[in-house]
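Subject: Structure for your review

Dear colleague,

Please find below the structure that I am handing over to you.

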Amino acid sequence: MLDSLISQDTEGDPLLVVCTVKDTDGNAIPGATIDVWETDSKGFYDVQNADRTGPDGRAVLSSDEAGNFWFKAIVPVSYPIPHDGPVGELLGMLNRHPYRPGHMHFMFKKDGFDPLITALYLKDDPYEYTDAVFGVKDSLVVPIKKVENEKLALKYGVKLGSSIITYDFVLVTETAVAELRRQKATEAMSALGWKFRFVEDLPVPDID
């Protein structure tokens, strides 16, 4: 539910997350289902803790009538991917570190729209430009700001000076995605000089 506190980690730095979800025309998308998840302050997801008693650092939310959703979490921290095997050997050969910058995951579902799975990354994280899995895009990097407006603090039930990140997500309709996929497939097949036709929306060589 909205305004959920998704993390019970008292060692983490509190963070308010305020977002919107809209379509490509800027219209609010109400009732979108949003899964959010992050690590604890030590860089571990709840499923990695053998002594956990339930889920933590995650929640399932729904956008309101204005396409807004918000929740309270902790500031994401950097953490290393597993590197005690072949992955670590490969990173060593490439002279690369195993760390991911602090980030938070989001997954969106709404009838009529293409599902979206993405993440937000913290600006000025030490590993912002050297993510071990190359997941960072400029459009997904967000700065941590401070709640400096008393009205805003009261609205979300946080203290002045609290950390906050904001972001506007955009969902694309299933129809638009299907049209774009067909267009790109047509361009690719044409560039190869192949005759083709679509079968169940997939391009196949036309050998008849």
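The notes below cover a sheet, its strands and the aromatic rings.

This is a predicted model, in which local features need pLDDT of at least 70 and side-chain atom pairs count only at pLDDT 80 or more, while totals for chains, interfaces and linings use all residues. Residues are numbered from 1 along each chain as its sequence is written, and side-chain values use heavy atoms, with hydrogens and water left out.

Five strands form an open sheet with mixed pairing, in the order β1-β5-β2-β12-β11. Strands are DSSP runs (E, at least two residues) numbered from the N terminus, and two of them pair if DSSP finds at least two bridges between them. Because β1 (4–5) and β11 (145–146) stand at the edges with a single partner strand each, one side of each is left without a neighbour in the sheet. Within the sheet, β2 (residues 14–23) runs parallel to β12 (residues 163–171) over nine bridges. Valine 21 stands opposite phenylalanine 169 in β12.

Rings of Phe, Tyr and Trp (its six-membered ring) pair if their centres lie within 6.5 Å; planes under 30 degrees apart count as stacked, over 60 as edge-to-face and the rest as tilted. The count by this rule is twelve aromatic pairs. One of them is tilted and joins phenylalanine 71 to phenylalanine 106, at 6.3 Å centre to centre and 55 degrees between the planes. Phenylalanine 71 lies in strand β5 (residues 68–74) and phenylalanine 106 in strand β8 (residues 103–109), 35 residues apart. Ring pairs also link Phe69, Phe71, Phe106, Phe108, Tyr167 and Phe169 into a cluster.

Yours sincerely

How values were computed: Helices (H or I, at least four residues) and strands (E, at least two) are DSSP runs, numbered from the N terminus.
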